[in-house]
Structures are given as C-alpha cells and as structure tokens.
Amino acid sequence: MLQQVLAILALPIVQTTIWILVVTVGVILSVAFAVLFERKIIGWMQLRKGPNRVGSIFGIWPGVFQAFADVLKLLIKEVVVPTRANKFLFGLAPIIALVPALATWAVVPLSPDLVIADIDAGLLYVLALTSMGVYGVIIAGWAANSKYAFLGAMRSAAQIVAYEIAMGFALVGVVMAAGSLNLGDIVRQQAGGPLSWNVIWLFPLAVVYIISGVAETNRAPFDVAEGESEIVAGFHVEYSGIAFALFFLAEYANMLLISALTAVFFFGGWLSPFDGYLPQGSWLAQPSFLWLGVKISAFMFFYYWLRATFPRYRYDQIMRLGWKVLIPVTLVWIAVEGVMAYCKVGPWKVLAP
C-alpha cells in the first residue's frame, strides 16, 4: 500500500499539482503578511505603531494576527450586488483580476531546480497573463452600472495599457541580452555576481520596468483609480465582503509577482550576490530561493516606501510620463543595446569568436 502511494506521488502530474497548491497557498499567505508589513512599515515611517491589538507572539510582535482578522471580517460581511448591475459579470470580474496574478507564478523560477512549468516561451506567457488583468478592471467598472465605478475603471485601464507598452519594450532589452524567452535561462545568463546582473547594462530599462510595475499594480503614487473629486475607491466602489477582498488579494499578489519578475529579469533571481566573490562551496554563494525571497522583500519595501513618501500624481502627469518619457527611453536604450551587441561588449562579450 505504501509503495502504491509513493508511486502515485512520484507521478509528474501529482508532483506538479502539489507544487501548484504549495505556491498558491504561499502567495495567499504572503499577501496576508504583506498587508500587515505595509501597515507596520508605513506606521514606522510616520512615527506611529500601526496594527497592535489583534494577537502577538510571546508579547513581542503585537498585531501579528491583524491580517487574519481582516480576512475573517470580509468573509462574514454581506456581498451587496447593485440592483441594475450585470450580476454575472459583476461576480466574474474579481476572478478575472485574481486568476492571472496567480497563474503567472507557474513559469517563475523559484530556485535552480524548482519551476512549475519550465517552458521556452515563458516570457510570452508572462506578458499574455499580465495583460489580462485590465479586463477584470474594465468589467468591474462596467458591470456595476455606476458612473463613478466606470470612470475609475477607464482611468485605470488607460494607465495600465500605457505602462504595459513601456514594460514590454523594457523586456525586449532583457530578451536581447539573454538570447532566450525562458525565465530560467534569463537568470542563469546573469551568473557571475552582481556585476553580471542585467541591471548593470540595462539600468534605464530596469528603472522603466520598476516604475511601470508600480503603475501596473495601481499603487501610489499612480493609484488613479481613487477618485479625488468623487471620494470613492474607483472601479471596485460597489464591491463588498469577499468580492472586494478578491480585488485586494489580486493587487497584492500582483505586487509580489512584479517584485519577483524584477528580481528575475534584472537582479539575478535566485543567484547569490556573493557568487564569484566567495569560495564556491560557501553556502552564501549558493543559488537558492532564499536570495529570491530577499530580493522580493526588498522590492516590496520599495512599494511601501513610495506610498509613504510621494503624493498622488495628477492623471495628465501619469499619462505624460508613460507615453512621452518611459516609452522613448526604452526605444533609445534598445537601439543602444543593438550597438553594444554589434560591438560585442557587455552581456554579448562572451559571444565574440
């Protein structure tokens, strides 16, 4: 009996299913703690305590269970559907917003030996799924039959489309440097220490990608979904209870995803920053999920820092930055990359005969 169970567990489809569950549950738990960390970190920056009432660990970390209390509150609240709303699309929109944010993790290399789907066209898969999120925003705004929700959806959709173009052009430079669409190959191409990471030679594209990632996730200072003159929450103003929680979950899952992709594309992914500087046998020089987790945490902290520091931009400023600054920067640097590739310098030096 035990041998039969082990044989079933050894099947590729069973192992893949197990890792899908592990990654999905891990992302959801990370979202819960990311919300708590955000409130704690911004409270620290603003000289206040943040959540400090719900639970503690041996009296050391008050408020540690606040995220779970929030989830319980949203689960037991009533989901109110507007009378004239399209009920089917109203319920479908949060799912469309959340599913791509979770499904994209299938191709993210978490360690040298762990990736759920090691496909050669992984970058195209990422671009295809990340572009799906805009449909959840538009459908949520339209299906609610509210002019305020619809206005917020149009603002968010226009912003997402504008910055998605800049983000796509930035990734063209990554493909030129790596010579592959496979995310694992992109990480391995950066081996050799921090001076070999893509951020060194593709620094303008890395800056554009990070800024575009903040805008793609509708985070401050690019959270134009929030209507200053309308005093509403944007496209999800009519949502409540668990339906609203799904949008909240999608936003933070996308933050984690963009942080992970930034680390993979520009900062060596699971590669150690001590690679090439310490003896090969040292555990600090070994590639592992630990280093990817540290880099994701650093970029999440950057999200919180931006929110606590900068005021919200005007809509025209946001669109001008996307169309007139970031997209031209990416096009210029792609041309510069072409010159570097022709001259066999930077990441292309190893290709020289």
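The chat below goes from the overall fold to single residues.

A: This is a predicted model, in which local features need pLDDT of at least 70, side-chain atom pairs count only at pLDDT 80 or more, and totals for chains, interfaces and linings use all residues. Residues are numbered from 1 along each chain as its sequence is written, and side-chain values use heavy atoms, with hydrogens and water left out.

Q: How many helices and strands does the protein have?
A: There are 13 helices and zero strands. Helices (H or I, at least four residues) and strands (E, at least two) are DSSP runs, numbered from the N terminus.

Q: What share of the residues is buried?
A: Buried residues are 46% of the 353. Buried means under 20% relative accessible area, exposed over 50%, and partly exposed in between (1.4 Å probe, protein chains only).

Q: What about contacts between residues at least 6 apart in sequence?
A: Of those contacts, 74% join residues at least 24 apart. A contact means heavy atoms within 4.5 Å.

Q: Ok, new topic. How many aromatic pairs are there?
A: The structure holds 16. Rings of Phe, Tyr and Trp (its six-membered ring) pair if their centres lie within 6.5 Å; planes under 30 degrees apart count as stacked, over 60 as edge-to-face and the rest as tilted.

Q: Take Phe222 and Tyr313. Why is the pair called edge-to-face?
A: The ring centres of Phe222 and Tyr313 are 5.5 Å apart and the planes are at 80°, so the pair is edge-to-face. It links distant parts of the chain, 91 residues apart: Phe222 is in the loop between α10 (203–216) and α11 (241–266), and Tyr313 is in the loop between α12 (289–309) and α13 (315–343).

Q: Are those two buried or exposed?
A: Phe222 is buried at 5% relative accessible area, while Tyr313 is partly exposed at 31%.

Q: What is Arg314 doing there?
A: Arg314 lies in the loop between α12 and α13 and is partly exposed, at 49%.

Q: Which residues form a ring cluster?
A: Ring pairs link Phe33, Phe37, Phe65 and Phe68.

Q: What is the phi of Asn218?
A: Asn218 has a positive phi of about 60° although it is not a glycine. Most residues other than glycine have a negative phi, and most peptide bonds are trans. Asn218 is buried, at 13% relative accessibility.

Q: Where is Asn145?
A: Asn145 is in the loop between α6 (133–143) and α7 (147–178). Its phi is positive too, about 55°.
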